[in-house]
Amino acid sequence: MRFLALFLLPIQLLFALTLTDTQIRYSDFSLLHLYDASNELTIDDISAQNFEQGSNQFTYGYLSGTRWFKLTLENTSSNNAFVLSFSDPLWKEFDLYIPKDGQWQTYHAGLLTPLSRRMIFDTSPAFSINIPKDTSLTVYFRGRSSSGQIGELEVMTAKEYFRPTRYDLPDLYLFLILFLVIVLSFNLYLFYTRPQKLYLFYVLYLTSLMVWFGIKSGLYISLDISGWDEGLHTSGALFVALLTLFSREFLQLEQRFKRLYNIFSVFAVIFFAFTLAIALDIPYTPLLFNLTSSVFFGILLYSSIAVWNDGHLEMSYYLIALFIYMPTMGMLTLTYNGFIDNYDWSRYAFLFGSFCEVIFFNSLMISHYHIIFKDKIRMQRELITLKEENELLLESEIAQRVEELELTNQKLLEKTHELEITQEKLEYEATTDSLSELYNRRYVLSVSHKLFDAARRYGHNLSAVMIDIDNFKSINDAYGHAMGDEVIVHCAKILKKSIRSSDVLARYGGEEYLILVPNTPSAEVFDLCTRVKQTIETEQIPYGNEKPITYTISVGITHIQDYDNSVEQLIQRADKALYRSKAKGKNCVETL
């Protein structure tokens with residue numbers, strides 16, 4: 001085996017990438033690759049295999065197997081710190097293997113690896129390596145992807161990679177998303193002033209396109225929503241479905257071509273079904289979706305030309321948008337399927353196409369809105385003319401119409417008010433415990449994640465306090481459940497008076513309460529709990545002519561620690577502290 005390694009050494013050096021002082025970024029070099037259809041080969045198996053020559057910018061289509069890459073780096077520069085950066089963030093797995101002392105050091109990236117566990121905190125896989133001057137290093141990459149085995153591997157100096165002003169592709173995606181936010185805001189205004197299905201579908205389409213861009217660029221991974229390798233295809237199917245509905249309304253097919261209207265409606269249902277099927281990871285659905293969408297875009301183009309030939313010249317802008325958008329999206333699809341080599345112009349032309357499409361579509365929406373506005377002005381002028389011809393009759397009709405409109409408006413206002421009250425009531429019921437009038441368990445758990453993340457981000461303390469009414473079952477047995485409920489309410493009122501406005505208090509269970517105390521020293525939290533315990537200890541609840549009811553509480557406290565990975569760990573530890581308080585005889589405060 002050693003003889004074979006010595007024999008292969010010159011071959012490795014033949015495809016080696018030489019690092020020099022004259023270049024800080026390498027974007028065009030040979031990259032050896034090997035495909036493992038069985039997904040069973042290990043790094044030890046792979047290191048003895050013969051690799052095929054390829055490029056660092058590649059596409060191999062949709063494959064379920066594992067793709068291995070091999071790269072030899074020969075450092076002749078005075079720099080020894082480099083970064084291996086991979087362009088595509090949507091690979092399920094992308095791992096680096098580096099030999100060291102006869103062993104393989106493995107570093108993980110890809111969707112299945114959270115950002116906190118990656119070598120470099122980046123949405124796209126990136127790895128730091130160290131190569132001493134005048135030495136060479138052979139590394140291996142192992143990758144699996146459900147969204148196409150496509151990407152580009154770059155090598156650059158660490159100084160260049162971490163340069164604050166370095167421009168990268170996610171910056172362009174972010175610009176497009178911000179542009180979509182502006183366009184979306186404008187169209188929300190149009191929908192607000194003219195609540196029509198056309199504006200609604202366009203707003204939804206822009207939103208889904210913005211989500212698709214966020215997933216395609218990997219920006220969503222930075223929001224800790226990683227791990228969903230079918231997200232790209234799912235959001236893609238959704239925005240095609242919404243594009244279908246928008247185009248159906250914009251082309252006014254229901255009035256112009258009823259049969260095409262029905263065809264578009266069927267395609268919309270099919271694309272929504274694809275969205276669900278792809279999200280559930282049903283095999284072959286992405287391929288079927290690609291084939292179906294290709295058929296639909298052909299029908300869409302035919303329908304647009306038919307409307308344009310029917311004398312509706314405003315469709316010219318719509319056709320221009322399609323003629324720009326469809327080829328660029330087609331190139332993207334062909335590139336991902338491996339039919340076209342992976343070049344920057346073939347892979348990223350869709351960004352230009354999408355930008356042009358949004359510009360033209362938005363111009364059409366403005367034009368449509370302007371036409372409606374002009375129709376409104378024209379109608380007003382006709383009304384004025386009619387008023388001049390027959391003023392008395394018109395005044396009578398206007399008065400009647402105004403009365404009807406005011407009545408309708410009043411009904412709408414009343415209905416809106418009822419809906420607002422209903423919504424407020426539903427929100428209150430969804431977040432509040434009906435008995436204690438405190439936050440319920442579901443709400444406090446949703447808020448707790450935000451408090452936990454804020455505490456971690458700014459280095460503040462976060463305390464979790466678990467409180468339980470002692471011998472509550474005995475109170476129920478002795479005085480009845482109604483009196484037990486009164487004890488729960490009594491305890492809740494004392495707790496609510498004792499905490500600050502920034503603290504979060506909730507009824508966590510039957511007789512259990514949870515308090516989340518942010519940005520407060522541990523000693524102050526302990527003093528707060530002690531005061532509450534002492535206050536409740538001295539309280540009395542009247543019970544008719546009989547002896548007043550008294551009760552005590554047990555308290556468990558814990559504080560955020562460096563090893564806590566989630567707020568659930570914090571709450572569980574507070575619960576353990578509560579159990580310790582119970583074990584010590586109850587009516588006491590314990591910190592864990």
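1. In this predicted model, R142 and E93 form a salt bridge through their side chains, at 2.8 Å from N to O. The two residues are 49 apart in the chain, with R142 in strand β10 (residues 135-144) and E93 in strand β7 (residues 93-100). Both R142 and E93 are buried. The pair also belongs to a network of salt bridges that links E93, D95, R142 and R144.

2. A second salt bridge joins the side chains of E154 and R25, with an N to O distance of 2.9 Å. E154 sits in strand β11 (residues 150-157) and R25 in strand β2 (residues 25-26), so this contact ties together parts 129 residues apart in sequence. E154 counts as buried because its relative accessibility, 13%, is under the 20% cut-off. R25, at 26%, is partly exposed.

3. R573 and D564 also meet in a salt bridge between side chains (2.8 Å, N to O). R573 and D564 are both buried. Over the whole structure, the search finds 16 salt bridges.

4. Helix α15 covers residues 481-498, which is 18 residues. From first to last C-alpha, α15 reaches 26 Å, close to the 26 Å expected at 1.5 Å a residue. Its buried residues include M483, V487, H490, C491, I494 and L495. In general, an α-helix has 3.6 residues a turn, so residues three or four places apart point the same way.

5. K547 belongs to strand β16 (residues 546-549). Its relative accessibility is 70%, so K547 counts as exposed. Between the C-alpha atoms of K547 and D344 there are 84 Å in space, and the two residues are 203 apart in sequence.

Note on methods:
Residues numbered from 1 in each chain as written. Predicted model: local features only at pLDDT ≥ 70, side-chain atom pairs only at ≥ 80, totals over all residues. Heavy atoms only, no water. Helix = DSSP H or I, 4+ residues; strand = E, 2+ residues; numbered from the N terminus. Buried < 20%, exposed > 50% of the residue type's maximum accessible area, 1.4 Å probe, protein only. Expected span 1.5 Å × (residues − 1). Salt bridge = Lys/Arg side-chain N within 4 Å of Asp/Glu carboxyl O.
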